[in-house]
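Student: Hi! Could we look through this one together? I have a few quick questions.

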Amino acid sequence: MAEGKEALFSKQNKALLSDPLNDNNPISVQVLGICSALAITVQLKPAVVMSLAVLFVVIASNVIVSLIRNLIPGRIRIIVQLLIVASLVILVDQVLKAYAYDVSKELSVFVGLIITNCIVMGRLEAFALANGPWKSFLDGVGNGAGYALILVLVAVFRELLGSGKLFGIEILGHKAKTLAESTGLYSLGYENNGFMLLSPMALITVGIIIWVQRSKNRKLIEQH
Amino acid sequence: MNKNSNAYTFIFAIIIVTIIAGLLAFTATSLKPLQDTNVKAEKMQNILGTIGVTDVSREKAEVEFNKYIKEQLALKNDGQVDATTDAFKIGLKNEVKKDDENQRYPLYIAEKDGETFYIVPLYGAGLWDAIWGYIALASDKNTIVGANFDHKGETPGLGAEITTDWFQAQFKGKKILDESNNFVSVTAVKGGAKSGDTHGVDAISGGTITSDGVSKMISERLSHYLPYFKNN
């Protein structure tokens, strides 16, 4: 195999990292992993933790599957992949419960749902089964980061417009009961947009991101 | 060995499942003590929260808990104290499934600034799943001094609003007995409670079933403590 002679960060390998951030973003181009993008982007903090959790699971499962890819019997490969992903997710869940209890309460069921995140299984099937561990690692980092990028972007919009905060810190001033006691934007009569807290707005925000991305990156537009 | 043979497939499956099962069992057991401490500390924080002792960090929860909570009783349905049961260890989730007679009702008696408070754990059903919480009564065993609620799977923005401060703060000062000392509990009223209503709080718009669940939970749970309150 030519892999051994290839530089660690050859042009091809760099593309593994950068492609998923833009040209081949798992959320905005492949439209995978939308479920969690809707659910946990009301605030920035859980979105970041969720991103880190997915990043860990994608990277670890990619590397593990890649290492044993020549041993896995073809007929049960999906089950084996699922087994590996599921155990990694349980691992994340258990660690969060022990060391970051508040965050794990906030993410609740969505940590478990990483198992069903199509990005993870998609990368295993499409990439890790056919490539070596180093490339699979890079592919995992790239796709995890691509997912995180969109998630954080959506969460910034939703938390800022929906509750006027970022990471729980009041950015737009403090909203008191009366106009006179409020500070910042709120003293001018600004109101938070409660719509942003509801799930449909996450879908619309993702839609707008896709729109903006395609108008900047013309090669993503399908030819008919 | 032929990778597509049944034997290979079986052996591979058995080996990988054994490795992974061992790994998971190991992590689960080694993290269990830490997780249990978290759950226990959170319970203590919630109990203390009802009598206005907030801002207790998880690490200090146990110290603060022992400072304020003077007695932990497990009551029988007739109001007698069952000295053989550890009240803190009673899991309401399983307890509520038993008959009224066989259930043990945990009661925490707290003392803060010379005043006595009675804290009753709650457990009931919301719209999608379980809801629970704690409610604290003043020494007259009638006036509510604080309440907090939590839920497993209520809808965010609707039923899940029972965890917010505005909803929980409404319970302060409400009474569970009427003028002639009959039990009437506190109800979440759809469309808003009338001002001056000492037995009603505003229900959550769009969260009617969860609000009703809260009302039902409070009245059902508190009703079992009345015999004890009457005799003590």
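Student: Where is Asp113(B) found?
Tutor: In this predicted model, Asp113(B) sits in the loop between strand 2 (105-112) and strand 3 (115-125) of chain B.

Student: And what is its phi, positive or negative?
Tutor: Asp113(B) has a positive phi of about 50 degrees, although it is not a glycine. For background, most residues other than glycine have a negative phi.

Student: Is Asp113(B) buried or exposed, and why?
Tutor: Asp113(B) counts as exposed because it has 6 C-beta neighbours inside 10 Å, and the cut-off for exposed is 12 or fewer.

Student: What about Lys141(B), where is that one?
Tutor: Lys141(B) is in the loop between strand 4 (130-137) and strand 5 (144-151) of chain B. Lys141(B) has a positive phi of about 55 degrees and is not a glycine. With 18 C-beta neighbours inside 10 Å, Lys141(B) counts as partly exposed.

Student: Okay, new topic. Which part of chain B has the "transmembrane region" annotation?
Tutor: The UniProt record, an unreviewed entry, puts that annotation on residues 7-28 of chain B.

Student: Helix or strand over residues 7-28 of chain B?
Tutor: The chain is 100% helix and 0% strand there, with the end C-alpha atoms 31 Å apart.

Student: How many residues of chain B are in contact with chain A?
Tutor: On the chain B side 17 residues are in contact, and they meet 17 residues of chain A. The chain B residues that touch chain A divide into 10 nonpolar, six polar and one charged.

Student: Let's go to helix 9 of chain A. How many residues does it have?
Tutor: Helix 9 (residues 199-216) of chain A has 18 residues. From first C-alpha to last, helix 9 of chain A reaches 26 Å, close to the 26 Å expected at 1.5 Å a residue.

Student: Which residues in helix 9 of chain A are buried?
Tutor: Met201(A), Ala202(A), Thr205(A) and Val206(A) are buried. They cover an arc of only 145 degrees around the axis, so they lie on the same side of helix 9 of chain A.

Student: What do the buried residues of helix 9 of chain A pack against?
Tutor: They pack against helix 2 and helix 8 (133-163) of chain A. On the other side of helix 9 of chain A, the exposed residues are Pro200(A), Gly207(A), Ile208(A), Trp211(A) and Ser215(A).

Student: Last one: where in chain A is confidence lowest?
Tutor: In helix 2 (residues 34-39) of chain A, at a mean pLDDT of 76, while helix 4 (residues 77-99) of chain A is highest at 90. Chain A averages a pLDDT of 83, and 96% of the residues score at least 70.

Methods
Residues numbered from 1 in each chain as written. Chains lettered and ligands numbered in written order. Predicted model: local features only at pLDDT ≥ 70, side-chain atom pairs only at ≥ 80, totals over all residues. pLDDT = per-residue confidence, 0-100. Helix = DSSP H or I, 4+ residues; strand = E, 2+ residues; numbered from the N terminus. Buried ≥ 20, exposed ≤ 12 C-beta atoms within 10 Å, placed from the backbone. Contact = placed C-beta atoms within 7 Å. Nonpolar A, V, L, I, M, F, W, Y, C, P; charged D, E, K, R; others polar. Expected span 1.5 Å × (residues − 1). Arc of directions from axis to C-beta. UniProt positions renumbered as here; feature names shortened; annotations may be inferred.
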